[in-house]
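Q: Could you take me through this structure feature by feature, giving the general idea before the particular case?

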Amino acid sequence: MEYRRFNNIIALRLDKDEEIISSLSTVCEKENIKAGFFNGIGATDDFTVGIFSLEKQAYEKFNFKGNHEITALTGNVSFVDNKPYIHAHIVCSGENAKTVGGHLLEGIISLTGEIFITVADGEIGRKYDGELKINRFDF
């Protein structure tokens with residue numbers, strides 16, 4: 001992983017075998033980012049997405065293996081307990097251009113990942129909503 005900061009923009013390169021969510025969290029912690037958003041592209045051969053079930057109030061998990069292009073990686077950065085909270089969604093295209101996506105739970109880079117983080121001037125926390133069973137923005 002390597003990154004450069006240009007005022008409120010961070011350009012981040014992830015390398016083979018690096019995990020997306022933990023890498024974003026590491027950069028945000030090092031740079032003391034408490035609010036922002038990101039987008040990126042790249043390639044993965046092992047990723048897990050979740051689709052939130054309103055009925056079960058939990059994520060249904062789906063793991064995908066094999067060569068996939070990351071056609072869209074997007075999300076936001078806030079914080080919980082003074083640690084970065086990365087909320088990410090991903091869309092990937094695999095064999096025969098079949099496209100899948102959802103809430104990114106884990107993703108391993110297979111070739112490279114190119115992500116831009118835009119840092120907001122401020123802080124956004126998260127607070128657990130017991131009824132919805134999710135962490136929501138807390139201003």
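**Reading the contacts, helix, core and pocket**

A: Gly-125 touches Ser-78, Phe-79, Arg-136, Phe-137 and Asp-138, leaving out residues up to four places away in sequence, where contact means heavy atoms within 4.5 Å. The model is a predicted one, in which local features need pLDDT of at least 70 and side-chain atom pairs count only at pLDDT 80 or more, while totals for chains, interfaces and linings use all residues. Residues are numbered from 1 along each chain as its sequence is written, and side-chain values use heavy atoms, with hydrogens and water left out.

Q: Where is Gly-125 placed, and is Gly-125 buried or exposed?
A: Helices (H or I, at least four residues) and strands (E, at least two) are DSSP runs, numbered from the N terminus, and Gly-125 belongs to strand S7. Buried means under 20% relative accessible area, exposed over 50%, and partly exposed in between (1.4 Å probe, protein chains only), so Gly-125, with a relative accessible area of 11%, is buried. Gly-125 and Arg-136 are 11 residues apart in sequence, and their C-alpha atoms are 8.3 Å apart in space.

Q: Which side chain does Ser-78 join through a polar contact?
A: A polar contact is a pair of N or O atoms within 3.5 Å; within protein, one must be able to donate a hydrogen and the other to accept it, and residues adjacent in sequence count only if both atoms are side-chain atoms. Here the side chains of Ser-78 and Arg-126 are joined by such a contact of 2.8 Å. Ser-78 is found in strand S4 and counts as buried because its relative accessible area is 0%. Apart from neighbours within four places in sequence, the residues in contact with Ser-78 include Lys-34, Tyr-85, Gly-125 and Phe-137.

Q: How should I read a helix, and which residues of H1 are buried?
A: An α-helix has 3.6 residues a turn, so residues three or four places apart point the same way. In helix H1 (residues 20-30), the buried residues are Ile-20, Ile-21, Ser-23, Leu-24, Ser-25, Val-27 and Cys-28. These buried residues pack against strands S1 (2-6), S2 (9-15), S3 (36-53), S4 (58-80), S5 (83-93) and S6 (99-119). At the N-terminal end, H1 is capped by Glu-19, a side-chain oxygen of which lies 2.9 Å from the backbone nitrogen of Ile-21. H1 is followed by Asn-32, whose phi is positive, near 55°.

Q: What does Glu-31 touch?
A: Glu-31, in the loop between H1 and S3, touches Tyr-3, Arg-5 and Ile-10, not counting residues up to four places away in sequence. The side chains of Glu-31 and Arg-5 make a polar contact of 2.9 Å, and the two residues, 26 apart in sequence, have a C-alpha to C-alpha separation of 9.0 Å. Glu-31 counts as partly exposed because its relative accessibility is 23%.

Q: Which residues touch the most other members of the largest nonpolar core?
A: In soluble globular proteins, nonpolar side chains tend to be buried together. A nonpolar core is a set of buried Ala, Val, Leu, Ile, Met, Phe, Trp, Tyr and Cys residues joined through side-chain atoms within 4.5 Å. The largest one has 26 residues, of which Ile-20, Phe-38, Leu-73, Ile-90, Ile-115 and Ile-117 touch the most other members. S2, H1, S3, S4, S5 and S6 each supply at least two residues of this core, and S6 gives the most, with 6 residues. Beyond four places in sequence, Ile-90 has contacts that include Ile-20, Phe-47, Leu-73 and Leu-104.

Q: What is the volume of the largest pocket, and which residues line that pocket?
A: Rolling a probe the size of a water molecule over the atoms shows where empty space is left. On a 1 Å grid over the protein atoms alone, a pocket is an open set of points where a 1.4 Å probe fits, with protein on both sides within 12 Å along at least five of seven lines, and lining residues have an atom within 4 Å of a point. The largest pocket has a volume of about 180 Å³, and the residues lining the pocket include Phe-52, His-87, Arg-126, Tyr-128 and Arg-136. S5, S7 (125-129) and S8 (134-138) are the elements that give two or more residues to this lining.

Technical notes: Grid points are joined across faces, edges and corners, and a volume is the space filled by probe spheres set on the points.
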